[in-house]
Number of protein chains: 2
Amino acid sequence: MVLGIGDDCALLALPAGEQLAVSTDTLVAGVHFPESPDPFLLGQRALGVSVSDLAAMGATPIGFTLALTLPSAEPAWLQAFAQGLDQMARPCGVRLIGGDTTRGPLSLTLTVFGRVPQGQALTRGGAQVGDLLCVGGELGDGAGALPLVLGQRQAPAAIAEPLLARYWSPQPQLALGQALRGKATAALDISDGLLADCGHIAAASAVALLIEQARLPLSASLLALLGTAAARACALSGGDDYVLAFTLPPERLAGLQAAGWPLRVIGRVAAGQGVQLLDEQGQCITPPARGYQHFGSDSD
Amino acid sequence: MVLGIGDDCALLALPAGEQLAVSTDTLVAGVHFPESPDPFLLGQRALGVSVSDLAAMGATPIGFTLALTLPSAEPAWLQAFAQGLDQMARPCGVRLIGGDTTRGPLSLTLTVFGRVPQGQALTRGGAQVGDLLCVGGELGDGAGALPLVLGQRQAPAAIAEPLLARYWSPQPQLALGQALRGKATAALDISDGLLADCGHIAAASAVALLIEQARLPLSASLLALLGTAAARACALSGGDDYVLAFTLPPERLAGLQAAGWPLRVIGRVAAGQGVQLLDEQGQCITPPARGYQHFGSDSD
């Protein structure tokens, strides 16, 4: 960063041969998080969710701007919120470079900036027939945590804590995204749910994605809380995972696995369109109903 | 732009030797604009206000992201809003590169991006003792228009229309900002009011700014609506002008004037701190009370 907060604009320098990656996300109280959230957890989660979009492009984070709208300025609230932001900003390597604070109903818009070598960004449009479909970790924990977040359900600490941590402290897979540059043919981060997000890759790449239901990686906590069927529903349709999904030529798998990256093969790319879910006999099955529980009525 | 809407991030390329300028602004219904604004005018004004920050840095606009929060998605509203954005985007040379749409109380956050040759951005911190203090046009019209915008006051069309145009269609002084690169020693755009914004230059540059009240450029419409005293109050404290204020070594004035730039000398830079308003005898006078009328109670 060349010039930060306090002038009309922030100024960023970009190394020669690199491109800037930019993403904007808004979170609204009562829609994307509870009406009166813990400010530390809100700050931590909001930044993690936003930085995950940089991971999905294979970008190296640079900084972020924050537009914060608040009903009133309470110093203790703001301090805790800033500490939560900082908690996520440090491991992600981002700095606050500018922002705006306004009065109004609680909401926040983060715009994150990263850099990526020219032509090497991971997009959604390059999946090829024959590629493997992989994800970067276990799915469904964020959605499974929602009833706990909302206080609608109780669970023993050994089950609840890992799920709540996945919800309130999503870990952007920045290193994995950067490792996939030049290797993955398409990538994104799962925010809307595996089926919906695979649909985005299928559409952008003009291919079909086949998902083997039995290969969905599910955490022990999620299985203990919900059982297999509901855990699968969270993994398929829950959203809020912030785990990378990507496609990869089969010959590149062994090298990435040998390097220790946590990739899990869950399916493959075929000719056609859309997303199909397969049972253990390879038969197409109807996905379970959407498991995602929203804070608002019908928004996203 | 390398990659636009529809992936996890937008990608921007930046020419070698240039820096990226970034600014974020949030506008909240009932605080920064009426609760039920004309959507065309809202889009036009919101983008103009944001791009004005690029003008203040001497930057060349590239694009913007829009985070729009709406109570409900009405196609006619969205279409008119998009047309208003487009109306401002075209002459400014910016394109929408990404965004987010969420449900909630009406507000919008725009993040604008521009480019500026390395080291040539206009900041607030370089004003030198002996410099002239200049502005890029008439002041106070935006604030003077507010009672008309709110329907609290009527005026003949010949008076009302120019003022309403200044409010709803602020014209970022992009060409002037670029022309001032390498010439102005400090610059910003007047959004909080001349006195407050000159205070920002004075603080960042560690100098005093002296403003001659009689040299404030006031429009015929504003004078006809309010008379001299209230028009001056709008110019000094009203805000919403989106005209550049800048400091300049005296020997650079003639060249810029000869090139036809609309600069008006309104004072000078002296040793000391803060902003002083001078009468025609050069005596320090107390500024008039703040003339700015807000939509909300005490926010900004």
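**A strand pair in chain A, and what surrounds it**

Reply: A:A187 has A:F246 in β9(A) as its bridge partner. The model is predicted: local features need pLDDT of at least 70, side-chain atom pairs count only at pLDDT 80 or more, and totals for chains, interfaces and linings use all residues. Residues are numbered from 1 along each chain as its sequence is written, while chains are lettered from A and ligands numbered from 1 in the order in which they are written.

Me: In which sense do β7(A) and β9(A) pair, and over how many bridges?

Reply: β7(A) and strand β9 (residues 244–248) of chain A are antiparallel, with 4 bridges between them. Two strands pair if DSSP finds at least two bridges between them. Strands (E, at least two residues) and helices (H or I, at least four) are DSSP runs, numbered from the N terminus.

Me: What is the strand order of the open sheet in chain A?

Reply: The order of its 7 strands is β7-β9-β6-β10-β8-β11-β12 (chain A), with mixed pairing. β7 (186–189) and β12 (284–285) of chain A are the edge strands, each pairing on one side only.

Me: And in chain B, how many bridges join β7(B) to β9(B)?

Reply: There are 4 bridges between β7(B) and β9(B), which run antiparallel. In this pair, B:L244 of β9(B) is opposite B:D189.

Me: Which residues of β7(B) point one way, and which the other?

Reply: B:A186 and B:L188 point one way, B:A187 and B:D189 the other, and all are buried. A residue is buried if 20 or more other C-beta atoms lie within 10 Å of its own, exposed if 12 or fewer, and partly exposed in between, with C-beta atoms placed from the backbone. In a regular strand, side chains alternate between the two faces of the sheet.

Me: Let us step back to the whole chain. How many helices and strands does chain A have?

Reply: Chain A has 8 helices and 12 strands. Of its 300 residues, 54% count as buried. The C-alpha atoms fill a box of roughly 60 × 50 × 35 Å along the principal axes.

Me: Why does the radius of gyration of chain A agree with a compact globule?

Reply: Because a compact globule of 300 residues would have a radius of gyration near 19 Å, and chain A has 19 Å. The radius is taken over C-alpha atoms, and the globule rule is 2.2 Å times the number of residues to the power 0.38.

Me: What share of the contacts in chain A comes from residues 24 or more positions apart?

Reply: Such residues account for 87% of the contacts with a separation of 6 or more. Two residues are in contact if their C-beta atoms, placed from the backbone, lie within 7 Å.

Me: How is chain A divided into domains?

Reply: Domain 1 of chain A covers 18–117 and domain 2 covers 132–285, with bounds from an automatic or database domain assignment. Their C-alpha centres lie 24 Å apart.

Me: How many residues are in contact between the two domains of chain A?

Reply: 17 residues of domain 1 are in contact with 18 residues of domain 2. On the domain 1 side, α1 (39–57) and β3 (60–70) of chain A each give two or more residues. The largest share of that side, 12 residues, comes from α1(A).

Me: Now the two chains. How many residues are in contact there?

Reply: 47 residues of chain B are in contact with 47 residues of chain A. On the chain B side, the largest share, 9 residues, comes from β2(B). Strand β1 (residues 10–12) of chain A is joined to β2(B) by 3 bridges, and the two run antiparallel. One bridge pairs A:A10 with B:V22.

Me: One last topic, backbone angles. Is B:D240 buried or exposed, and what is its phi?

Reply: B:D240 is buried, with 24 other C-beta atoms within 10 Å. Its phi is near 65°, a positive value in a residue other than glycine. B:D240 is in the loop between α7 (220–237) and β9 (244–248) of chain B.

Me: And B:A206, buried or exposed?

Reply: B:A206 is exposed, with 12 other C-beta atoms within 10 Å. B:A206 has a positive phi of about 60° although it is not a glycine, and its place is in the loop between α6 (194–205) and β8 (208–212) of chain B.
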